[in-house]
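The sequence and the model come first.

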Amino acid sequence: MVFSSPTFLYYFLPVTIAAYYLTPMIKGSPRLRNFTLLAASLIFYAWGEPRYVFLMIIQCITTWGFSLLIEKFSKNSAAKILMLISVLFSFSFLIYFKYANFFIINLNNLAGTDIALIRLLMPIGISFYTFQNVSYTIDVYYKKTEAQRNLLDFSTYVASFPQLIAGPIVRYTDIAHDLINRVHSWPRFAMGTRRFIIGLGKKMLLANLFGELVEIYKISGDQSTVFTWIYLVAYTLQIYFDFSGYSDMAIGLGHVFGFKFPENFNYPYIADSITNFWRRWHMTLSGWFRDYLYIPLGGNRVKTYRFIINILIVWMVTGFWHGADWNFILWGGYFGAVMLIEKFFVGKLLDKSPKVLRHIYVMLIVFMSWTFFDALSFHEAFERIGRMFGIGSEMFAGNEALYYLRSYAIPFIIGFIGVTPLVKKISEKIDTKKTLSTILEPVVLAVILLLSTAAMVDGSFNPFIYFRF
C-alpha cells in the first residue's frame with residue numbers, strides 16, 4: 001500500500017484516523033492511541049508483504065531488549081559488546097535482503113564461481129527502519145537518550161506507517177517526548193492535512209507527469225542532444241517532486257497523529273554549491289551519516305589525507321545505501337569527490353562568482369549525477385552524459401524531442417517554479433490577509449485533492465523511485 005493510492009487515501013486512512021481519535025486518552029496519556037497506531041501500521045505494512053512484517057517485529061523486540069541491557073550494563077565493557085551485537089543484528093537483515101545478491105554477483109565475477117542468486121524481494125522500508133533501530137541503539141549507548149521501557153511505545157516509533165516506507169529518517173530523540181506526551185489539536189490536524197495534500201499533489205500531478213516523459217525517452221529512437229537534456233531535466237524534477245512529495249505526506253500525517261517529524265528537503269535546487277545542496281537534499285539521511293559514520297571516523301578533526309578518506313568512505317556508503325549496484329557507489333563517490341574539489345580548490349572561487357554562475361554549476365553537477373542514479377549500467381550512464389554534450393548523438397534535435405519540448409513547456413515552467421520558495425512566499429503573504437486565505441486555501445487544496453484523485457483513478461503510471469532503496 002502506498003500513500004498515492006485510492007485504497008490508502010479513501011479507505012485505510014479515514015478508518016485509521018477515526019479509530020485513532022475514538023481511542024480514549026487515559027489521564028492524558030496517548031498509550032492506548034499508540035496501540036491503535038501500531039496496529040494500523042502493522043496492517044499497512046503487511047498489506048503488500050505479510051511475511052516481512054515479522055522481520056520488522058523481530059527487529060523491534062531485539063533492539064528494544066538490547067538497549068535495556070546496554071543501559072543496565074552502561075558502567076562496564078559489556079555495554080559496548082551489546083551495542084555492537086545489536087547494531088550488527090539490525091544490519092544483518094539489511095545486508096541479506098538488500099545486498100546479498102550484489103556480493104554473490106561480484107564474487108562470481110571475481111572468483112569464477114557459480115553461486116546461485118537468492119530469490120527474494122527486498123522488504124519495503126527496511127533501509128529506513130534499520131537506520132532508526134541502529135541510531136536508537138547507539139544513542140542509548142552514548143547516553144543521548146534513556147532506553148524506552150515500554151515495548152509498545154518503542155514499536156510505535158519504529159513501525160509508525162507515516163514515515164515507514166520513505167522517511168524522513170526519524171530518530172528516537174526526535175519524537176521521544178511525543179510518544180508519551182503529545183498534543184492533539186484541530187490547528188495541528190488541519191496543518192497536517194494541508195501538508196499531506198500538497199505532497200500528494202507533488203507526487204501525482206508533477207512527479208508522475210515528468211516520470212512518463214522519462215520513460216518515453218528511454219524507449220524512444222530519438223537519442224538526440226536536446227532530447228537527452230529534456231530527459232535529464234524531467235528526471236531531475238521527477239525525483240525531487242516524488243521524494244519531497246512523499247516526505248511532505250509523511251510529515252503531514254505525523255501532525256495528524258500528534259508527531260513532529262523532521263524536515264527532509266529545503267529547496268535543494270536553489271543551492272549555490274554541492275556542499276549546500278546536500279544540506280538541503282534528504283537532510284535526515286545526510287544528518288544520519290554525519291552523526292553515525294563521519295564523526296566516528298574522525299570527521300574533519302584529522303589529518304588531511306584521513307579527512308579525504310573519510311569523505312569518500314561516507315559518500316560511497318551513502319551511494320551504497322541507495323542501491324546494491326556499482327552505479328550507486330560511483331554516484332556517491334562522485335559527490336564526495338566534487339565536495340573535496342570544492343573544499344580544496346574551487347570553494348573560494350565559487351564564493352566570489354555571481355550567484356547565477358554558482359547555480360548553473362550546481363545544476364550541471366546534479367544533472368550528471370542523476371544519470372548514474374537512473375542508469376542500469378556504467379555504459380548507459382556515460383552514454384547519456386556524452387549525449388548531453390553532443391558526443392554520440394546522431395543529431396542535435398530530432399522531431400520527437402521538439403514535440404515533447406513544446407508539449408511539456410507548461411509543466412516544465414510549473415516545475416521550475418515549484419522547486420523554488422516562490423510559491424511558499426506567495427502563500428505566506430496571502431496568509432497575512434486572513435479573509436482571503438480562509439476562502440482561497442480550502443479551494444486550492446480541494447482542487448489539488450480532486451485532480452490527484454482523478455490521476456490516481458485514471459492513470460496506471462504511479463511509481464515511487466525510493467521504493468528501490
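Where is the place of Lys 143? Lys 143 sits in the loop between α5 (126–141) and α6 (151–159), where helices are DSSP runs of H or I with at least four residues, strands are runs of E with at least two, and both are numbered from the N terminus. The model is a predicted one, in which local features need pLDDT of at least 70, side-chain atom pairs count only at pLDDT 80 or more, and totals for chains, interfaces and linings use all residues. Residues are numbered from 1 along each chain as its sequence is written, and side-chain values use heavy atoms, with hydrogens and water left out.

**Single residues**

Lys 143 has a positive phi, near 60 degrees, though it is not glycine. Tyr 267, likewise not a glycine, has a positive phi of about 50 degrees and lies in the loop between α9 and α10 (274–277). Accessibility is given in the table; buried means under 20% relative accessible area, exposed over 50% and partly exposed in between, with a 1.4 Å probe and protein chains only.

| Residue | Relative accessible area | Class |
|---|---|---|
| Lys 143 | 59% | exposed |
| Tyr 267 | 18% | buried |
| Pro 6 | 32% | partly exposed |
| Thr 130 | 0% | buried |

Pro 6 belongs to helix α1 (residues 6–22). Its C-alpha is 10.0 Å from that of Ser 452, a residue 446 places away in sequence. Neighbours within four places in sequence aside, Pro 6 is in contact (heavy atoms within 4.5 Å) with Tyr 11 and Met 456. Thr 130 is in helix α5, and with residues up to four places away not counted, Thr 130 touches Gln 59, Ser 90, Phe 91 and Leu 94.

**Helix packing**

Helix α11 (residues 283–294) has buried residues at Thr 284, Leu 285, Gly 287, Trp 288, Phe 289, Tyr 292 and Tyr 294. They pack against α4 (78–111), α5 and α12 (304–322).

α12 in turn packs on helix α13 (residues 326–352) at an angle of about 145 degrees, with the axes 7 Å apart. Axes are lines fitted to C-alpha atoms, for helices over the stretch in contact, and angles run from 0 to 180 degrees between N-to-C directions. This crossing of α12 and α13 is right-handed; a crossing is left-handed if the near helix is turned anticlockwise from the far one by less than a right angle, and right-handed if clockwise. Among the residues that meet are Phe 307, Trp 315 and Gly 319 of α12 and Trp 331, Gly 333 and Lys 343 of α13. The contact of α12 with α13 has 15 nonpolar, 6 polar and 1 charged residues, where Ala, Val, Leu, Ile, Met, Phe, Trp, Tyr, Cys and Pro count as nonpolar, Asp, Glu, Lys and Arg as charged, and the others, Gly among them, as polar.

The axes of α9 and helix α16 (residues 399–407) come within 8 Å and cross at roughly 35 degrees, and their crossing is left-handed. Val 226, Phe 227 and Ile 230 of α9 make the contact with Glu 400, Ala 401, Tyr 404 and Leu 405 of α16. By class, 6 of these residues are nonpolar, none polar and 1 charged.

**The largest pocket**

A pocket is an open set of points on a 1 Å grid over the protein atoms alone, where a 1.4 Å probe fits, with protein on both sides within 12 Å along at least five of seven lines; lining residues have an atom within 4 Å of a point. The largest pocket is lined by 44 residues, and Arg 194, Ile 198, Val 423, Lys 424 and Ser 427 lie nearest its centre. Elements that give two or more residues to this lining include α8 (186–219), α9 (225–256) and α18 (422–431). The lining has 22 nonpolar, 11 polar and 11 charged residues.
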